[in-house]
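Here is a short briefing to read alongside the sequence and the 3D view. Please keep both open as you go through the topics below.

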Amino acid sequence: MSQESSPSDHMGGQDSLLLLKNLQSLWTKKEMNKLKEETRRGFAALEDPLAGLLDMLESSSDWQGKGHSLGCYITNELQLWIKEHPVGQQSGLRLKKLQARVFRILAQSQVNLLDPLLNIYQLHAADRTSLLGHVSHMYHKGKYKEAAILSIKLKLQLDLDVEKMCTPLLLQEKINLVETYVAEYPDLQCKLLKTLDMWCEPGFNTADVSRQYPGLRPDKLNHRMLSKLVFKLLEQYNLDPALCPNVINQRHLGSLKYLFYKRFVEKSMTQENWADHVENTVGETRWLQEQLIRLLISHCDLNTAARWALRYNLPEQTLPRGVADELQKLHIQERVEDAGSRLDDCAEDRKEGYYQLPIPRENIHFLQTREEMLRWMEKVLQPGQVVGIDMEWRPSFGLVGKPRVSVLQIAVEERVFLLDMLQLLKPDEMEQLARFVQALFSDPSIIKLGYGMSGDLNSLASTCSAFKDMDKQVQGTVDLLTIDKQLQKRCSGRKKSGLSVDVLSQEKSCGDRAFRQPERGLSLLVQHVLGKPLDKTEQLSNWEKRPLREEQILYAASDAYCLLEVYKKLCEDPSGFGLCSDLTESLVRKPNPKPRAKKPLNQQEMPTTSKQLAKVIGPEAVSAPPPVSPKEFSVVCDNMLQGLGRHLRCLGVDVRMLENDESHRKAAEIARKEGRVILTSGLPYQTLQSQVGEGRCFSVDCSEKAKEQALQVLKHFNVKVSVADVFSRCQLCNCDKYLKISKEQMRRLMQRGGLLTDEDAAGCLSKSEEKQETNPASDTSEPCSLPPIYSPACQWLQVAALSRLGCWATQTCHASTVAPSAAKCSGRARTWGACSLSSRRLCAPQGEAKASTS
């Protein structure tokens, strides 16, 4: 021990060690009242309590572990004692020596000791150079998290390299700590974003960064994770996206690919909308223009690609050879036509198969001024009438920011009013618009129809602060999304977690058979009630571009007016749709006299409960459903939630997990195809929830551990887990097929797979024999008289089948019928708390399970 840290430097050194011995005795006996009294009395008796505390901490190591310890208890008590006895404080050279000793303790201690030691030894006022030296020392010893936390507590971030401090934290998945590190410093936020964006540059190898930190997980520092973090920080700190050109360009490239899919694969976007979105997405960025040419070559032809290259005046030397040759054939004076126009030569008449607006065109009014709005306000605000409401906004394709409502549609009998929000939200027009909209939504005598009304109101609130708290004033609304879910169930005959009905099958286009995408959302409801779906080809229009095209105006009017006709048809014959007779009374949202308690931010609204459904549909249509069992609940997990997925599998839930290289859109495809609920987190939730039905996407709190996340999901969806569900699925492969075997057979398989040594097997066997001697009635090799009941039912494995089973036994993981213990899946060399020698079930691959049961 160095001279400055020697207990002999102060008179109370030996007394402090004697005090520690007495306190350890009381701590062991859990005599907490005496412990507190003795601690306080000991501090008062010590000549230098601050030095005495360091002596006790250096002489004991219990505070180095996790959890509460005697060292933590003594430290916190000294902090309280000093507040009552300020004379015990130190200063000058003596305090500097104590601070030097404290830093050696901080390098080994847990976070719970950090705050009290900082306060006791006044480290906030210590020499800044010395503090930076100690932080650097901790960092070079591999204490990356501890160094970051200490620098945050002492506010040293501006004097440290943000890239150097945050890189190992990212490799350790300490995202929350990274956010905290830069939270109070805009300059550091910008520097961090620029660094992350540099790592996302095409051709940059993140493995080169990872190699500087041996022992950490380099796979976590990938472009997908970094891109998610960049967009999260951009929105969280409201920073300029221009700081991250590489990430923004990659996101724009993803938007381009999505537009090509909508136009050329799904065929659900018109040429005008597609070309307009392509131009806005590409902009003046040369790299995106070159990527567009490559996409055009793969989806169109060389001539179309050459026309777009001419539009952007791309140099011939940067173009693929075929495009460059085609470009030379084009006449320079030729008017540049819209790219892809050749593809529309065989335009088809789509109108006959879709819902048609039953009112004349002159009854659709596009209102852009306050005078025009005041002229028709009285017509809309008539008491007792039914009003259809919808909203349109420009699609953002997952970029930063919330959607801004561009058009507000209001439909009454025989008329539709389209409010141009871009004009009416100007300062001189906004006040009158706010009065009109608030009067409409707060009038309980006017029935307001909508589809996904809560989402529209949220978008309206984010568009203008005048509508921020309007959702609390809304009365007399009817959200047809609730009734749509029930109609889908009755028409499809599927079980509760099933998908929407795929009614439209196929259509002809340009002489070739092309499958039309299944109808979803409002279009499906309109088809079911009125016989024809909505034409949604204008849904992804640029609604901020003026003037609106005629197709956009007709689409917007149809979206609102169809609500009136659907509601009218349901009210005319509710029993024909399986609804109760008092449909109007049961659907109208009434004001709640009691204010609702605020919910935590990480909880979403639950889907409609069984009691609410019973009010809407008759008792013959549905009864209050019992709680959902894990067997009936299926989910698809984001690739950032694999720990949650394994926990849910342990509880019997059917879980599909995305691979690290799969995009979030894959989750939406799986959810729609297999009827699963999406579990995700962060920004992807905003994108995915619009691609599936309401209540089919849930945002998980990433700050919680996987166990708490699983409890959150089970509680939200009312999933009741029984004893039989536990370990009814394999954590690794999601298989729910098992073979039931005896303990002896299980022991052989574990030995053969290298999971059990001969010594372990002999020890377990002796324990089993000893137990059988004390309880002769028990038979360890045969099932007990009342074995656990598992679903699906297991099957006894015959001894003759052991040889056939042995070939794949080492490639499977095991599930336990008792408390979890340490077990390994030898095929993946990972530990999955799942197995013991008393296990009698073996997870079988699907092919082998079928062979065995046959």
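This is a predicted model: local features need pLDDT of at least 70, side-chain atom pairs count only at pLDDT 80 or more; totals for chains, interfaces and linings use all residues.

Helices (H or I, at least four residues) and strands (E, at least two) are DSSP runs, numbered from the N terminus. Residues are numbered from 1 along each chain as its sequence is written, and side-chain values use heavy atoms, with hydrogens and water left out.

**The protein as a whole**

- Of its 854 residues, 47% count as buried; buried means under 20% relative accessible area, exposed over 50%, and partly exposed in between (1.4 Å probe, protein chains only).
- The protein exposes about 43400 Å², with carbon and sulfur atoms supplying 50% of that area; accessible areas come from the Shrake-Rupley method with a 1.4 Å probe, and for residues only the protein chains shown count as cover.
- Among contacts (heavy atoms within 4.5 Å) between residues at least 6 apart in sequence, 68% join residues at least 24 apart.

**Helix H11 and its partners**

- Helix H11 (residues 186-199) and helix H13 (residues 223-237) pack at an angle of about 155°, their axes 10 Å apart.
- That angle makes H11 roughly antiparallel to H13.
- For these descriptions, axes are lines fitted to C-alpha atoms, for helices over the stretch in contact, and angles run from 0 to 180 degrees between N-to-C directions; under 35 degrees counts as roughly parallel, over 145 as roughly antiparallel, 65 to 115 as roughly perpendicular and the rest as oblique.
- H11 passes H13 in a left-handed crossing, a term used if the near helix is turned anticlockwise from the far one by less than a right angle, with right-handed used if clockwise.
- On the H11 side, Gln-189, Leu-192, Leu-193, Leu-196 and Trp-199 take part, and they meet His-223, Leu-226, Leu-229, Val-230, Leu-233, Leu-234 and Tyr-237 in H13.
- By class, this contact of H11 with H13 has 10 nonpolar, 2 polar and no charged residues; Ala, Val, Leu, Ile, Met, Phe, Trp, Tyr, Cys and Pro count as nonpolar, Asp, Glu, Lys and Arg as charged, and the others, Gly among them, as polar.
- Helix H10 (residues 175-182) also packs on H11: their axes come within 8 Å and cross at roughly 135°.
- H10 and H11 are therefore oblique to each other.
- Val-178, Tyr-181 and Val-182 of H10 make this contact with Leu-188, Gln-189 and Leu-192 of H11, a set that divides into 5 nonpolar, 1 polar and no charged residues.

**Helices H8 and H9**

- The axes of helix H8 (residues 144-153) and helix H9 (residues 162-171) come within 9 Å and cross at roughly 130°, which makes H8 oblique to H9.
- The crossing of H8 and H9 is left-handed.
- Tyr-144, Lys-145, Ala-147, Ala-148 and Ser-151 of H8 touch Met-165, Pro-168 and Leu-169 of H9, giving 6 nonpolar, 1 polar and 1 charged residue.
- H9 is largely enclosed by the rest of the structure, because 8 of its 10 residues are buried.
- Cover for the buried residues of H9 includes helix H7 (128-140), H8, H10, H11, helix H12 (206-210) and H13.
- In the loop between H8 and H9 sits Lys-155, whose phi is near 55°, a positive value in a residue other than glycine.
- Lys-155 is partly exposed, with a relative accessible area of 46%.

**Other backbone features**

- Lys-30, in the loop between helix H1 (13-29) and helix H2 (32-45), has a positive phi near 60° and is exposed, with a relative accessible area of 67%.
- A cis peptide bond joins Arg-546 and Pro-547, with omega about 0°; Pro-547 lies in the loop between H24 and helix H25 (550-572).
- Gly-652, which follows H28, has a positive phi near 95°.

**Buried charged residues**

- Glu-519, in the loop between strand E8 (512-515) and helix H24 (521-530), is buried at a relative accessible area of 7%.
- Arg-263 lies in helix H14 (residues 245-265) and is buried, with a relative accessible area of 12%.
- In helix H28 (residues 642-650), the buried residues include Arg-646 and Arg-649.
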